[in-house]
Structures are given as structure tokens and as C-alpha cells.
Amino acid sequence: MNLSNYTIKAAEVVQNAQQLAFNNKNPSIEAEHILQALLSMEDSPVEYLLKKNNVTINLVETKLEELIKKLPSTTGEPAQSISRDANTVLLRAGSNLKTFNDEFITPEHLLLSIVQGNDAAGKLLKDAGLTEKGLITAIKDLRKGETVSSQTQETQFNALNKYAKNLNEAARQGKLDPVIGRDEEIRRTLHILSRRTKNNPILVGEPGVGKTAIAEGLAMRVVNGDVPENLKSKIIYALDMGQLIAGAKYKGEFEERLKAVVKEVTSADGEIILFIDEIHTLVGAGGGDGAMDAAN
């Protein structure tokens, strides 16, 4: 099994599928194992894609466990071969590269490949309401025209929703506390944001004086429409530096995540305001041996 043209996440899926087959004492790796590995993977787009197609994930997981329990078991060495169905899934994933003009196989390709099949795993997803056409549309919507040209690139898709918090949405849902006594600072911030150039305000002050509260107050004003006309359509995101750094274990992965966030903000043509809380933590963040830190 050659995994050289798989992204790191997709290769992990295949390895986890083999481990699942071994743990369950199944003689070979089945398509069901690959599907379970996809569903249990952290920080993957699979959950997003299934929810986008109105698939109830818990129901799929329950039925999948029942399918795996029905698989034959062996007293000899388990997981020593790959079944015909699972092999077809991997081969079909390779042919799906052309659909998206990608260079590497990602977890999305594997999921699409399972849906295209007529085996038990494929039928399970179809019964849950997932279609090939719906999945392709969701993948294209997730990528926004991007293609996969490196083994770590899949971490760049949907970056803002992964590493930042939508303050407008939080304000709409009533999750933000009302801001009292910071009207002058919020007005000044709005004034700076309304400029054509030099429109990046920085809030400096002692801990606990209400710097983050100003950004939250700003989001509440945008939602209520109590801002100048040019700011009414803006979306405020708060970047979570901890989330951005967490789990970036491969060299260059942190830089790619940060680049993806910046790219998503710039491609929104000024419709997104990015609030970086605790901005001093940018200095030295993600800077390993011979690597640039986030401030550079």
C-alpha cells in the first residue's frame, strides 16, 4: 500500500483503519474500518461535510458499529490484508483527484469514494441521506476554489471557523455580556476602522480594564446596526492564538494555518474585521528552531 500521495491526515485514516481491524481481530481491513477511522478523526472536515448534508452522525456511528460487529474474526494474525471493497475505496479515492485537480488524496476523497461504492459502508451513508452530488458540492464549498498541493494543506480549509470565534454570531445569540462605560473607546475604535488607510486600532491597557469588552461591544453594535453605514455589513472574528498553535506538530504547519487565516480575511474584501486578543503573544508564537515566529 503506497501512501506517498496521501496527505498526513489521509495516511493517518488508513493507519487507524488497520489498527481498528487489528483491535477487532478482523482478518482484513474493510471499508467499514476506513469509514470509522474517518468519523473518529479529530480536526477533520468529515464532520463539517456530513452536517452540511444533514446527516445525523450519531446514527451513522451506531449503525457502523453494528456492521463492524458482524464482520468475521480470526484466531490468527488479524489485519494482515486489505479486502476487495477497501482496496476499491482507496483506488477510487485516487481517481477522485481529477474531480478537484488535487495532487494528494485527502480524507474528503476517501469519504467520497465510500459514497460512490455499493458495499455496506456506502449503502449506510446513502441511507443516512448522503449523496455523491451533495458531497462534491459541500467539498467545493469548503475549499472555495483551492486545490491540495501539499501534504498538510487540508488544515487550511475553513480556517477562520476553526481558529477564530465569530463575535457577531455570539452577540446575535446573546452570549456576550453588555458593555458599560466604554462608549468613548468604542466610538474611537469605530472612527479608526472607518478610515481608508491606517485603519488598524490597537487597544493597550492593564489586564482587566476591558480591552476585549470593547471588541465585544463593537460586535453588539454591528449586530444592532448602531454603527456607520460602511461598517454595518462587517463580521468581527476573534482569533484564538492557543487554538492556532495547538496540535501544530509538523514543521511549517503553524505558519500554514496562520497564512490560511490571513488569506481568508483578505479574500473577504474588507468584510471581515479580525480581532487578535493578547496580541503580544504573537511574538515568539510558533517559532521553533530555524522557523519564523507569527510576528514575522
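The centres of domain 1 and domain 2, taken over C-alpha atoms, are separated by 37 Å. Domain 1 spans 3-143 and domain 2 spans 159-284. These bounds come from an automatic or database domain assignment. The model is predicted: local features need pLDDT of at least 70, side-chain atom pairs count only at pLDDT 80 or more, and totals for chains, interfaces and linings use all residues. Residues are numbered from 1 along each chain as its sequence is written, and side-chain values use heavy atoms, with hydrogens and water left out.

Helix packing is described next. Two packed helices are described by the angle between their axes and the distance between the axes. Here helices (H or I, at least four residues) and strands (E, at least two) are DSSP runs, numbered from the N terminus. Axes are lines fitted to C-alpha atoms, for helices over the stretch in contact, and angles run from 0 to 180 degrees between N-to-C directions. The axes of H4 and helix H8 (residues 120-127) come within 11 Å. They cross at roughly 155°. H4 and H8 are therefore roughly antiparallel to each other. Angles under 35 degrees count as roughly parallel, over 145 as roughly antiparallel, 65 to 115 as roughly perpendicular and the rest as oblique. The crossing of H4 past H8 is right-handed. A crossing is right-handed if the near helix is turned clockwise from the far one by less than a right angle, and left-handed if anticlockwise. From H4, Val60, Lys63, Leu64 and Leu67 meet Ala120, Leu124 and Leu125 in H8. Contact means heavy atoms within 4.5 Å.

H8 also packs with helix H2 (residues 31-40). Their axes come within 8 Å and cross at roughly 50°. This makes H2 oblique to H8. H2 contributes Ala31, Glu32 and Leu35 to the contact, and H8 contributes Ala120, Ala121, Leu124 and Leu125.

Asn53 lies in the loop between helix H3 (46-52) and helix H4 (57-70). Asn53 counts as buried, at 14% relative accessibility. Buried means under 20% relative accessible area, exposed over 50%, and partly exposed in between (1.4 Å probe, protein chains only). Neighbours within four places in sequence aside, Asn53 is in contact with Gly129, Leu130, Gly134, Leu135 and Ala138.

An open sheet of 3 strands has the order E3-E4-E5 and mixed pairing. Strand E3 (164-166) and strand E5 (272-276) stand at the edges, each with a single partner strand, so one side of each has no neighbour in the sheet. From one strand to the next, the twist averages 30°. Two strands pair if DSSP finds at least two bridges between them. E3 and E4 pair in the antiparallel sense over 3 bridges. In this pairing, Asn166 stands opposite Tyr237 in E4. Strand E4 (residues 235-239) pairs with E5 in the parallel sense over 5 bridges. Ala238 stands opposite Phe275 in E5. Leu239 has Ile276 of E5 as its bridge partner. In E4, 4 of the 5 residues are buried, so the strand is largely enclosed by the rest of the structure.

Glu206 is in the loop between helix H12 (183-193) and helix H13 (211-224). Glu206 counts as exposed, at 59% relative accessibility. Glu206 and Glu77 are 129 residues apart in sequence. In space, Glu206 and Glu77 are 63 Å apart, C-alpha to C-alpha.
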